[in-house]
Amino acid sequence: MNRVLLIGSPNSGKSSLFNRLTGLNQRVANFPGITVDVASGPFAGMPDVELVDFPGTYSLQPISGEEAVAVEFFQRALTDPEVRHVLCVVDATRLEKSLYFTLQVIRECQKRGKPVSVLANMADVLAVNDLAFDHAGLADAIGAPVLLVSARQGLGIDLLLSELRQKLISQPAVSSRWSETPDELLRGSAHQLAQRFGPRGDVLVQSQLRLDSFFLNTGLGGVAFFCIMFLLFQSIFTWSAPVMDAVETVVMGMGATLVPLISNQVIADFVADALFGGVGAFLVFVPQIFVLTLVIGVLEDSGYLARAALICHRPLKVFGLTGKSFIPMLSGVACAIPAIYAARAVDSPWQRVMTYLAIPLMPCSARLPVYTLLIAVFIPDETALLGLVGWQGLALFLIYFFGMFAALVITGVVSRFASGAKSELPFVLELPPYRLPSIRPILRMAINRSKHFVTKAGKVILAVTIAVWVLGYFPNGGTDLGTSWLGMLGHWIQPLFEPMGLDWRYGVAILSSFLAREVFVGTLGTIFGIEGADDNMLPLVEQIQGSGLPLGSGIALLVFFAIALQCVSTVAILSKEGSFRLASRMLVGYLVTAYLLALLTFNVVEALV
Amino acid sequence: MHPAQSPRSLWALSKGETCAVLGFDEALPEPYRIRLMEFGFHQGEAVTCLLRPGFGAPRVYRVSNTVFSLDVEIARFVFVEQSELGSA
């Protein structure tokens, strides 16, 4: 298989060009010894030639771990005999920014005898703004072909493909003009070449400045930011909801149709509860992941995401996070799973880990039924200040605030003491020009991410769902949760929860809530002999009140649920997006922290009451 | 160097002011210096402060035809001097 490498710095339009050249027909490629996943796909019209999308980087002199991996990947790829050509993408409207990197790429290619072509992207923007770019002069000066293309409009793509086809057949001789040139000389040359051949005038910067003056204005920009974040939040909560309901209805409907056809009761229960219940429980997240990826893709492609990062950077920096952490954290208030995918927008690996640390502590929607139940049990449904403040609402606000506060404190403490934070590049963010987003590649990205969730995390979630079902079903055929293996486990761990005034029933409910936090309510309902506690909590509330559960235990449970990472879907996706080590450390770390804080809370509250 | 002649930092530029890059503080680690030069912050290059968002947020600078946002922890290490171009 012949391979062609596509390389370019961030915001050069490389990904759009990749999508244009491959017709969105892509998959994940791997090079020996390299652990990064990169997109690859056959050229449209040249199915025997694979285009490999090199991870974007500003320079071949890495200053972060992630850049080092990307550069290593590039250097190894150049030694691969299957790599026959390198295409280096530059933004023709901002030549100087890209040209030093381009010369570095040309030098490395010449050292290893690989032919390279430069693709000057954004030809459409040059034409619309009547900007001149002497690409022929630049080609002569750098000793490599320079083709003007537009990924967005497809300009120059046919010419590129026909020239590439010729070059793959004829294998042109590779010059050695730059092969021994040191970086300092390359920097000087890039500056001079950009001045000589690049477009002049600042019409693009001026139009960008007009929009930035609005979006980064302290007052109006803040209002715009609030409105955009409100829309993003609505997209996860409200717009996804009908599709999520539809997915759940379809999966449950299929189960309801299939299960009566099974004569064996155990198999029928397994198929109904473990298989269809398990599949439904994770497929229901797919619409959220799809919609959030779509909205973030639009924000990123339009150039607004970089502005949002700038706005949020200052307050989040105090807690070891970056401005780009804000959107994943906000998404985490709806659900941690799409939020963890959204953290891909955080470039720095260290700050991405910090963002992962913060996300599970954001008060996600699955915690709401648990909070509602416990608040209804302990907080009277009364108001103060002439009916303006309800005590239950205030309690809900406080526990939500507690989760967010805990997220910031934990990331702040970890970043202060961990060594990874010290190697971080200070905040330097390129603000790309505002553009109309290209919808097709964003749609493709949303589909790919949804597929990734189903194929990677789905297996883990299903396996854990089945394990919990087996524990709750046997040995008594699911007739009594209290005497099931899960119930025995609940009794076994009772000594752990006794110091905070909780008996085995709460232990079982906490264990089962690892499937999803809201399962806590349904499980307690089953144990207390109340059907449909998920939909109508009042009988369960009265039962728990009648059981004499101390106030300290209730508040301790609230604290426990605010911190503990008992959500198998979140752990599974953390394991895939981060690493198994990170996911397991977070699972244990948050469980221990939640337990100790809950214990402390119980003792303090009981001492005060 | 006499205090009156101390170079100004990029962070001190007011909105719309253009200066030329004079150099970098030695306290700025070399990889970051190189990266800034790769972005176009060469000695003698004109830099304009386009925006100074409120609440201490990173500021927005134009160098060549590219716009960057720099936080105080790096902008204060970039020294600038009065440019013939003056204010934008």
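In chain B of this predicted model, strands β3(B) and β4(B) pair in the antiparallel sense over four bridges, where helices (H or I, at least four residues) and strands (E, at least two) are DSSP runs numbered from the N terminus, and two strands pair if DSSP finds at least two bridges between them. Residues are numbered from 1 along each chain as its sequence is written, and chains are lettered from A and ligands numbered from 1 in the order in which they are written. Because the model is predicted, local features need pLDDT of at least 70 and side-chain atom pairs count only at pLDDT 80 or more, while totals for chains, interfaces and linings use all residues; side-chain values use heavy atoms, with hydrogens and water left out.

Two residues lie between the strands in the hairpin of β4(B) and β5(B), where B:Ser64 takes a positive phi near 55 degrees. Five of the five residues of β4(B) are buried, that is, under 20% relative accessible area, with exposed meaning over 50% and partly exposed in between (1.4 Å probe, protein chains only). In a regular strand the side chains alternate between the two faces of the sheet. Both faces of β4(B) are covered, with B:Arg59, B:Tyr61 and B:Val63 buried on one side and B:Val60 and B:Arg62 buried on the other.

In helix α1(B), the buried residues are B:Tyr32, B:Ile34, B:Arg35, B:Leu36 and B:Glu38. Just after this helix, B:Gly40 takes a positive phi of about 115 degrees.

Chain A contains 26 helices and ten strands, and its C-alpha atoms fill a box of roughly 85 × 60 × 40 Å along the principal axes. Of the 609 residues in chain A, 53% are buried. Among contacts in chain A between residues at least 6 apart in sequence, 73% join residues at least 24 apart, a contact being heavy atoms within 4.5 Å.

Between the two chains, 31 residues of chain B are in contact with 38 residues of chain A. The area buried between them is about 3,100 Å², of which carbon and sulfur atoms give 62%; buried area is the accessible area (1.4 Å probe) that two parts lose on being put together, summed over both. On the side of chain B, the most area is lost to chain A by B:Arg35, B:Glu38 and B:Asn65, which together give 21% of what that side buries.

Two salt bridges are counted between chain B and chain A, each being a side-chain nitrogen of Lys or Arg within 4 Å of a carboxyl oxygen of Asp or Glu. In one of them, B:Asp71 is joined to A:Lys317, with the closest N and O atoms 2.8 Å apart. The elements that give two or more residues to the side of chain B touching chain A are α1 (30-38), β3 (46-51), β4 (59-63), β5 (66-70) and α2 (72-75) of chain B, and the largest share, six residues, comes from α1(B). Strand pairing also crosses between the chains, as β10 of chain A (residues 428-430) and β5(B) pair in the antiparallel sense over three bridges, with A:Val428 standing opposite B:Leu70 in β5(B).
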